[in-house]
Amino acid sequence: MNTREFAMFSVNQERDRQDRLWGEQNHHPLEWLSILGEEFGSACKAANNTYWKWVKDGITQNYEEYEKEVTQVAAVAVAMLESLHRGKWRYQDSRKGRAIIDHLEKSS
Ligand SMILES: [Mg+2]
């Protein structure tokens, strides 16, 4: 298995794990971007922690957590595309969005 095949294999395994955890997810694109942003932030944190521990204390760089988080970033991006291609979020979101608008109008 070359490095690309291994990366795609890891992302596919993570997608399977996410489906087992949450089932089919059909979020609005803006909700997906928020989820992706959280995962991206976790990847940044993992890289920062590893790097700065090495700079400050000479602790050997270990990118295990970074690899896990970057894999999750890629898997969420794949899930975003799957959701977009299913197209179910449009209907689900319009009802949710309408309910929020109704709530805001009644409470103002
Ligand atoms: Mg994560």
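Reader: What share of the protein's residues count as buried?
Author: In this predicted model, 9% of the 108 residues count as buried.

Reader: Why is M8 called partly exposed?
Author: Happy to walk through the count. M8 has 14 C-beta neighbours inside 10 Å. Buried takes 20 or more and exposed takes 12 or fewer, so M8 falls in between and counts as partly exposed. M8 is found in helix 1, residues 3-22, and its C-alpha atom is separated by 9.3 Å from that of A75, 67 residues apart along the chain.

Reader: What makes helix 1 hardly covered?
Author: Among its 20 residues, the count of buried ones is zero.

Reader: How do you know that the span of helix 1 agrees with its 20 residues?
Author: At 1.5 Å a residue, taken one time less than the number of residues, helix 1 should span 28 Å. Its end C-alpha atoms are 28 Å apart, so the two values agree. Just after helix 1, G23 takes a positive phi of about 70°.

Reader: Which residues make up the largest nonpolar core?
Author: Six residues do: Y66, V70, A74, A75, V76 and A79. In soluble globular proteins, nonpolar side chains tend to be buried together. Leaving aside neighbours within four places in sequence, Y66 is in contact with A43, A46, A47 and T50.

Reader: And what secondary structure does the protein have?
Author: Four helices and zero strands, following the pattern α-α-α-α along the sequence.

Notes. Residues are numbered from 1 along each chain as its sequence is written. This is a predicted model: local features need pLDDT of at least 70, side-chain atom pairs count only at pLDDT 80 or more; totals for chains, interfaces and linings use all residues. Helices (H or I, at least four residues) and strands (E, at least two) are DSSP runs, numbered from the N terminus. A nonpolar core is a set of buried Ala, Val, Leu, Ile, Met, Phe, Trp, Tyr and Cys residues joined through C-beta atoms within 7 Å. Two residues are in contact if their C-beta atoms, placed from the backbone, lie within 7 Å.
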